[in-house]
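Have a look at it first, and then we'll go through a few of its features together.

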Amino acid sequence: MEVVDLPVPQPKPNEAVVQIKAAGVNFIDIYNREGRYKAPLPLVLGQEAAGVVIALGTEVRADENKPAPEHPNAPAVGDRVAYTSVLGAYAEYAAVPIDRLVKIPDGVGDRDAAAAMLQGMTAHYLSHDTYPLKKDDTALIHAAAGGVGLILVQMAHNIGARVIATVSTEEKAQLAKGAGADDVILYTQSDFEADTKRLTTGRGVDVVYDSVGKTTFDKGLNILRPRGMMVLFGGSSGAVAPIDPLLLTQKGSLFLTRPSLTNYIATSQELQTRAAAVFGMIRDGKLKLRIEHVYPLEEAQKAHRDLEGRKTTGKLLLLP
Ligand code: NDP
């Protein structure tokens, strides 16, 4: 990864140019950098940002500054916006398809908006749609002091579910508790399978939200109640090996899903609704974002090293 000067992008007919105020750093950026997720090179990394619209493409504007009426959600020049799942956010300017932009409501700052788009909407779809948590469900959430983790714990807690969280250090355990976890397991020091069975008196949990993957997946299947759901949504420790579907039968007719945010914000309407729900939680004080690690854009390398090295908690931002 290196810093280079590129021209300010010109918008394609369906795009807007955003002057970026803050860009989010996410684990997926590491997969892109490593080549685990392929993208054509050279590549401007980053899939999440907040900023201000400075230009609109020819197809989406009514005049220089205003969107055309057939784009009712579209921002005007000068509006504050945020977006995710479009590559190129580690930059001062980015051209973004207009239907991927969300206006940032009053009461939500640029940094919170940048921090909420990818990890916030991920935690939202996981807890509200993939396995819609109910009051009194029990969920196991791995890496609970991470970016997605801290948000997911808060959402699960707010729904009224019991949260068993795993983290690697005592400091991270305190953060998970502060976010609403009922029990915290230091999975680097004790066996989370045995601990979870004890904490649920042998019943098992309704759902496992697993973003760690390689080192946690197998044991996760052992702590689910019959017909419980394994939601494998990442591989921070590495990819999970292929499994025989019969294993799911043997472990209690389990459900297994491997979801991606892209499929949960596929339509413009779903994107707008989900973003509004997350922004609403922030504005109402129901969701606190922990933005602990803020780096100048030039220090993107350091941000990646810190995130890969398990040194971070909550959100990492780059400021151009
Ligand atoms: P995090 O802030 O959660 O950072 C990753 C965390 O994983 C670390 O802090 C660490 O927590 C834990 N971890 C466990 N083992 C390892 C290891 N060997 N190396 C590094 N970290 C490890 O990152 P994000 O919030 O950005 O992302 C979390 C996960 O969610 C990622 O796997 C990401 O790909 C996935 N994700 C998936 C999405 C989807 O839609 N499918 C969308 C967004 C994110 P600890 O020290 O406590 O173990």
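## A cavity, a helix and some salt bridges

The largest cavity has a volume of about 50 Å³. A cavity here is a set of points on a 1 Å grid over the protein atoms alone where a 1.4 Å probe fits but cannot get out, and the volume is the space filled by probe spheres set on the points, with grid points joined across faces, edges and corners. Keep in mind that this is a predicted model, where local features need pLDDT of at least 70, side-chain atom pairs count only at pLDDT 80 or more, and totals for chains, interfaces and linings use all residues. Residues are numbered from 1 along each chain as its sequence is written, and side-chain values use heavy atoms, leaving out hydrogens and water.

Helices are DSSP runs of H or I with at least four residues, strands are runs of E with at least two, and both are numbered from the N terminus. Helix 3 covers residues 147-159, and its end C-alpha atoms are 19 Å apart, which agrees with the 18 Å that its 13 residues should span at 1.5 Å a residue. That expected span is 1.5 Å times one less than the number of residues.

Helix 3 is mostly covered, with ten of its 13 residues buried. Buried means under 20% relative accessible area, exposed means over 50%, and partly exposed is in between (1.4 Å probe, protein chains only). The buried residues of helix 3 pack against helix 2, strand 6, strand 7, helix 4, strand 9 and helix 8, where contact means heavy atoms within 4.5 Å. After helix 3 comes Gly 160, with a positive phi near 105 degrees.

Now for the charges. A search of the whole structure turns up 19 salt bridges, each being a side-chain nitrogen of Lys or Arg within 4 Å of a carboxyl oxygen of Asp or Glu. Here are some of them:

| Pair | N to O distance |
|---|---|
| Asp 129 and Arg 274 | 2.7 Å |
| Glu 270 and Arg 274 | 2.9 Å |
| Lys 219 and Asp 191 | 3.0 Å |

Asp 129 and Arg 274 meet in a salt bridge. Asp 129 sits in helix 2 and Arg 274 in helix 8, so the pair ties together parts that are 145 residues apart in sequence. Asp 129 is partly exposed at 38%, while Arg 274 is buried at 4%.

Glu 270 also forms a salt bridge with Arg 274. Both of these lie in helix 8, four residues apart, about one turn of the helix. Shared partners join Asp 129, Glu 270 and Arg 274 into one network.

Technical notes: 1 Å grid on protein atoms, 1.4 Å probe; cavity = no way out; pocket = protein on both sides within 12 Å on 5 of 7 lines; lining within 4 Å.
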